[in-house]
Amino acid sequence: MKLPHMQHVCATVWFKFLSTPFHESDEESACAAVSAMRALNTILYGCHESPEIFVQIELVLQPLVNRMLSRDGVEYVGEIFEMIASLTYWSKEISPFVWSLLPRICHAFHTWAPEYMFHMLPILDNYITRGSKILCATKNPNFVEMIFVICQKILDSNDEEEHEFVGRLYTPDSYARYAGRLLDSMLQNCSGQIDDWVPHFMTIAMKKLVSSRNTEVKLVLFSIIGSCDSR
């Protein structure tokens, strides 16, 4: 499919999405909107082996992402996070626009979408693995601190309690594993760039190790501690 035609298809689907009214009680329109989002994600994935097309499709999708990454788009947050995951993973390099989404994703965790950590995990890990230099070099806002604060909030929680960031499908232990994997990923991919953060990583890992009763969580924590010790 040629580039102008692909852009036209995306623009058409995007227009269809815009014209769909947002009424939670209207099941038909809600399904149509979700279908439009999924169609756009399919098109985006289908272009991932053509970098020049992928970049242009991202430009078409930016207004959609910008609009829907908010509390008003919570009904479609799974689809929008899937879209951002593709943009962080398949792009030749992460664009400035996609980097600008990182603070908003972290804000979403702390405010209107805490139960969607499962969807955020691959996005945050893509930022770490595919953009470690920019991640570590950006201080205002401080990208490393943003991700660390999310992990700290999760790992400092009590396994016995219910938490606002744990949805019906996930447990505190599963969130602890997600947080541990992100910390471990930063240690592996940002070596020499986050030395000042290593003691903080060690502190929260050791603290969680004492309180956790989950074997899988402990294994992740041991990995973090081992990586910190080797620095």
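**View 1. A nonpolar patch on the surface of the predicted model.** Tyr45, Tyr89 and Trp90 together form this patch, with about 330 Å² of accessible area. Tyr45 belongs to helix H2 (residues 27-46). Its relative accessibility is 48%, so Tyr45 counts as partly exposed.

**View 2. The salt bridge between Arg38 and Glu79.** The two side chains meet at 3.5 Å, N to O. Arg38 lies in helix H2 and Glu79 in helix H4 (residues 77-90), and the pair links parts of the chain 41 residues apart. Glu79 has a relative accessibility of 12% and therefore counts as buried, the cut-off being under 20%. The structure holds three salt bridges.

**View 3. The salt bridge between Lys207 and Asp156.** Here the side chains meet at 3.8 Å, N to O. Lys207 is in helix H11 (residues 198-211), whereas Asp156 is in the loop between H9 and helix H10 (172-189); the pair links distant parts of the chain, 51 residues apart. Asp156 counts as partly exposed, at 36% relative accessibility.

**View 4. The salt bridge between Glu216 and Arg177.** The side chains meet at 3.4 Å, N to O. Because Glu216 lies in helix H12 (residues 215-229) and Arg177 in helix H10, the pair ties together parts that are 39 residues apart in sequence. Glu216 is partly exposed at 46% relative accessibility, while Arg177 is buried, with a relative accessible area of 17%.

**View 5. The crossing of helices H6 and H9.** The axes of H6 (residues 102-110) and H9 (residues 143-155) come within 10 Å and cross at roughly 20°. The two helices are therefore roughly parallel to each other, and H6 passes H9 in a left-handed crossing.

Terms used
Residues numbered from 1 in each chain as written. Predicted model: local features only at pLDDT ≥ 70, side-chain atom pairs only at ≥ 80, totals over all residues. Heavy atoms only, no water. Patch = residues over 30% accessible without salt bridge, like charges linked within 9 Å, V, L, I, M, F, W, Y side chains within 5 Å. Areas by Shrake-Rupley, 256 points an atom, 1.4 Å probe, with all protein chains shown as cover. Salt bridge = Lys/Arg side-chain N within 4 Å of Asp/Glu carboxyl O. Helix = DSSP H or I, 4+ residues; strand = E, 2+ residues; numbered from the N terminus. Buried < 20%, exposed > 50% of the residue type's maximum accessible area, 1.4 Å probe, protein only. Axes fitted to C-alpha atoms, helices over the stretch in contact; angles between N-to-C directions. Parallel < 35°, antiparallel > 145°, perpendicular 65-115°, else oblique. Left-handed = near helix turned anticlockwise from the far one by under 90°.
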